[in-house]
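Here are my notes on this one, in numbered points. Have the viewer open while you read.

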Amino acid sequence: MFKTQFKVQAKWSSKNALDVSINGKTHQVFIDDKSPLTVSAAKAFKGDETKYNPEDLLLSALASCHMMSYFYVCAQNGIELIDYKDEAVGVLELKADGSGAFTSVVLNPVVTISKSEMIDKAVSLHKEAHRLCFIANSCNFIITHNAVVKVTSDK
C-alpha cells in the first residue's frame with residue numbers, strides 16, 4: 001500500500017487583524033513552497049466574502065479531484081478530451097447548536113470529446129472516476145453527478 005502525507009499550516013494573529021470584529025476570521029494558509037492562501041469564513045458566517053473559505057475549498061477539491069480522476073480513466077480508455085468544465089453545488093446544513101455539515105454535493109461536469117462513438121463510454125466513466133476520487137472517498141455525504149458529454153467533430 002502506498003501512503004503519502006500532506007501538510008498545511010494555518011496561521012492567525014490578532015496583531016494582523018486590524019478590526020477583530022470584521023477581520024477576526026481572516027488568516028493565512030501555507031502549503032509547502034506554494035503561494036499562501038488568504039482564507040476567511042464564508043459571508044454567511046460573518047467572514048470576508050472576498051477571500052476563499054473552507055467550504056469553497058472543500059467543494060473545489062472535490063470538483064478538481066473528480067476531474068483529474070476522470071482524465072485518468074479517459075486516458076486509460078482512449079477517449080480524447082477537448083474540454084471539461086464543472087459547476088459544482090454543495091448544500092451545507094446548520095444545526096441549532098451551531099454545528100453543521102455538507103449533506104450533499106452535485107457535480108455538473110460538461111465534457112467535450114472528439115469522437116461521437118465514445119459518448120456512452122465517456123458518460124459511464126464518471127462512475128469510475130467517482131470510485132477512484134481521493135476526496136470523494138474521504139467524504140461522508142452524498143455526491144451525485146449530472147454529466148453531459150458533447151462532441152466537437154468526428155475524426
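1. Which are the buried residues of α3? They are A122, L125, H126 and A129, where buried means under 20% relative accessible area, exposed over 50% and partly exposed in between, using a 1.4 Å probe and protein chains only. An α-helix has 3.6 residues a turn, so residues three or four places apart point the same way.

2. Before going further, the ground rules. This is a predicted model, where local features need pLDDT of at least 70 and side-chain atom pairs count only at pLDDT 80 or more, while totals for chains, interfaces and linings use all residues. Residues are numbered from 1 along each chain as its sequence is written, and side-chain values use heavy atoms, with hydrogens and water left out.

3. On the overall layout: the protein chain has three helices and nine strands. Helices (H or I, at least four residues) and strands (E, at least two) are DSSP runs, numbered from the N terminus. From that end, the order of elements is β-α-β-β-α-β-β-β-β-α-β-β.

4. Now the dimensions. The protein chain has a radius of gyration of 19 Å, whereas a compact globule of 155 residues would come in near 15 Å; the radius is taken over C-alpha atoms, and the globule rule is 2.2 Å times the number of residues to the power 0.38. The C-alpha trace spans about 60 × 40 × 35 Å along its principal axes. Of the 155 residues, 26% count as buried.

5. Surface and charge next. The protein chain exposes about 10600 Å², and carbon and sulfur atoms supply 55% of that; the areas come from the Shrake-Rupley method with a 1.4 Å probe, and for residues only the protein chains shown count as cover. There are 17 positive and 17 negative charges, and their mean positions sit 6 Å apart. Lys and Arg count as positive and Asp and Glu as negative, with His and the chain ends not counted; the place of a charge is NZ of Lys, CZ of Arg, CG of Asp or CD of Glu.

6. Contacts, meaning heavy atoms within 4.5 Å, reach well along the sequence: among those between residues at least 6 apart, 54% join residues at least 24 apart.

7. Back to α3. Its 14 residues (119-132) should span 20 Å at 1.5 Å a residue, and the end C-alpha atoms are 20 Å apart, so the two agree; the expected span is 1.5 Å times one less than the number of residues. The buried residues of α3 pack against α2 (54-76), β4 (81-86), β7 (109-113) and β9 (148-151).

8. What does H126 touch, leaving aside its neighbours within four places in sequence? The list is H66, Y70, Y84, P109, V111 and A147. H126 sits in helix α3 and counts as buried because its relative accessibility is 2%. Its C-alpha atom is 12 Å from that of A136, ten residues apart along the chain.

9. D32 has phi near 45°; D32 lies in the loop between β2 (27-30) and β3 (37-39) and counts as exposed, at 62% relative accessibility. K46 has phi near 65°; K46 belongs to the loop between β3 and α2 and is exposed too, with a relative accessible area of 67%.

10. Then the β5 and β6 stretch. G98 is in the loop between β5 (89-94) and β6 (100-107), and at 60% relative accessibility G98 counts as exposed.

11. Is E93 buried or partly exposed? E93, in strand β5, is partly exposed, with a relative accessible area of 47%. Leaving aside neighbours within four places in sequence, E93 is in contact with S99, G100, A101 and T103. The C-alpha atoms of E93 and S104, eleven residues apart along the chain, are separated by 9.4 Å.

12. Last one: A75, found in helix α2. A75 is exposed, with a relative accessible area of 60%. From A75 to G90 is 15 residues in sequence and 28 Å in space, C-alpha to C-alpha.
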